[in-house]
Amino acid sequence: MVRRLFLLAAGLVLALVVSGIAGDNQTVSNPVKKELRFDVRETERTSLVIKNLSHEIDLWHDASLKRNSKRMKAHEKRIFDMIQDDIQARDRVIYRFENEAGRSIKGVVSEPGPVAAAPAMEKHQAVDDIKDLRQAKQLVKAKELLFDSIKRTDTFSNRYRLLGDYLEIVNREHRLNTVELAEDGRELKNN
């Protein structure tokens, strides 16, 4: 008898939890969930780029110290491939930031009414989205310029320094993605 009551109570609690989760999923807006998933993937991607690129640079450096030019060229090719993949992936992020900024601006600037009619929160969101887009474009431009410089230089010390600079830019990008992830999490929680 006690066991049946316990199982019944556990079943009711489980049913309430499941229905609560299902109810929460229905109230959350779809764009916020998409942004959150995208930001999680981007944060993981930049973290992986930092880890893999740093490791490959260390291997390249080791090959240089051992004067193994064959290994050095192989690591160098992998480094260049990683950088090219990273820059191409960042183009998708810019496309996403452009879409977010466009939606935010449409929400603030309505055709019939003045800009002052929009709520302050929407204005702040639009300014934030434009700032994020500008930062993302600056990071990609800096990456492209650094990559050109890395390819053009032949001296080991300059290339090593420039690769360190590139890693620093990817670290900044990772921090930006982490901030975006936190903002989306807060927005999801508020909804």
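Helices here are DSSP runs of H or I, at least four residues long, numbered from the N terminus. The model on your screen is predicted.

**Stop 1: the whole chain**

Show the chain as a cartoon. It has 5 helices and 0 strands. From the N terminus on, the order reads α-α-α-α-α. Of the 191 residues, 32% count as buried. Take contacts between residues at least 6 apart in sequence: 74% of them join residues at least 24 apart.

**Stop 2: Ile130**

Select Ile130. You are in helix α4, which covers residues 120-152. Ile130 is partly exposed, at 29% relative accessible area. What does Ile130 contact beyond its neighbours within four places in sequence? Show Ala101 and Ile105 to see those contacts. Then pick Glu98, 32 residues away along the chain from Ile130. Their C-alpha atoms are separated by 8.1 Å.

**Stop 3: the nonpolar cores**

Nonpolar side chains in soluble globular proteins tend to be buried together. Look for that here. The largest nonpolar core has 20 residues. Select those with the most contacts inside it: Leu53, Ile57, Ile79, Ile83, Ile150, Leu163 and Tyr166. Helices α2, α3, α4 and α5 each give two or more residues to this core. Which element gives the most to this core? Colour α5, which contributes 7 residues.

Centre on Ile57. Leaving out residues up to four places away in sequence, Ile57 touches Ile79, Tyr160, Leu163 and Leu167. A second, separate core has 8 residues. Among them are Phe38, Val93, Leu133 and Ala136.

**Stop 4: the aromatic cluster**

The model holds 4 aromatic pairs. Select Trp60 and Phe156. Their rings form a tilted pair, 4.7 Å centre to centre, with 35° between the planes. Trp60 lies in helix α2 (residues 30-65) and Phe156 in helix α5 (residues 156-190), so this pair ties together parts 96 residues apart in sequence. Phe156 is partly exposed, at 26%.

Trp60 and Tyr160 make a stacked pair, 6.4 Å centre to centre, with 25° between the planes. This pair also links distant parts of the chain, with Trp60 in helix α2 and Tyr160 in helix α5, 100 residues apart. Tyr160 counts as partly exposed, at 34% relative accessibility. Keep the three on screen together: ring pairs link Trp60, Phe156 and Tyr160 into a cluster.

**Stop 5: the salt-bridge network**

Side chains of opposite charge can pair when their charged atoms come close. The whole structure has 16 salt bridges. Select Arg45 and Asp86. They form a salt bridge, with the closest N and O atoms 2.6 Å apart. Arg45 is buried, with a relative accessible area of 17%. Asp86 is also buried, at 2%.

Lys143 sits in helix α4 and Asp86 in helix α3, 57 residues apart. Lys143 and Asp86 are both buried.

Glu173 forms a salt bridge with Lys143, with the closest N and O atoms 2.6 Å apart. Here helix α5, holding Glu173, is linked to helix α4, holding Lys143, 30 residues apart. Glu173 is buried, and so is Lys143.

**Stop 6: Thr43**

Select Thr43, in helix α2. Thr43 counts as buried, at 12% relative accessibility. Which residues does Thr43 touch, not counting those up to four places away in sequence? Show His174, Asn177, Thr178 and Leu181.

**Stop 7: Arg67**

End at Arg67, in the loop between α2 and α3 (69-108). Arg67 is exposed, with a relative accessible area of 76%. Check its backbone. Most residues other than glycine have a negative phi. Phi of Arg67 is near 55°, a positive value.

Definitions and conventions. Residues numbered from 1 in each chain as written. Predicted model: local features only at pLDDT ≥ 70, side-chain atom pairs only at ≥ 80, totals over all residues. Heavy atoms only, no water. Phe/Tyr/Trp six-rings, centres within 6.5 Å; stacked < 30°, edge-to-face > 60°. Buried < 20%, exposed > 50% of the residue type's maximum accessible area, 1.4 Å probe, protein only. Contact = heavy atoms within 4.5 Å. Core = buried A, V, L, I, M, F, W, Y, C linked by side-chain atoms within 4.5 Å. Salt bridge = Lys/Arg side-chain N within 4 Å of Asp/Glu carboxyl O.
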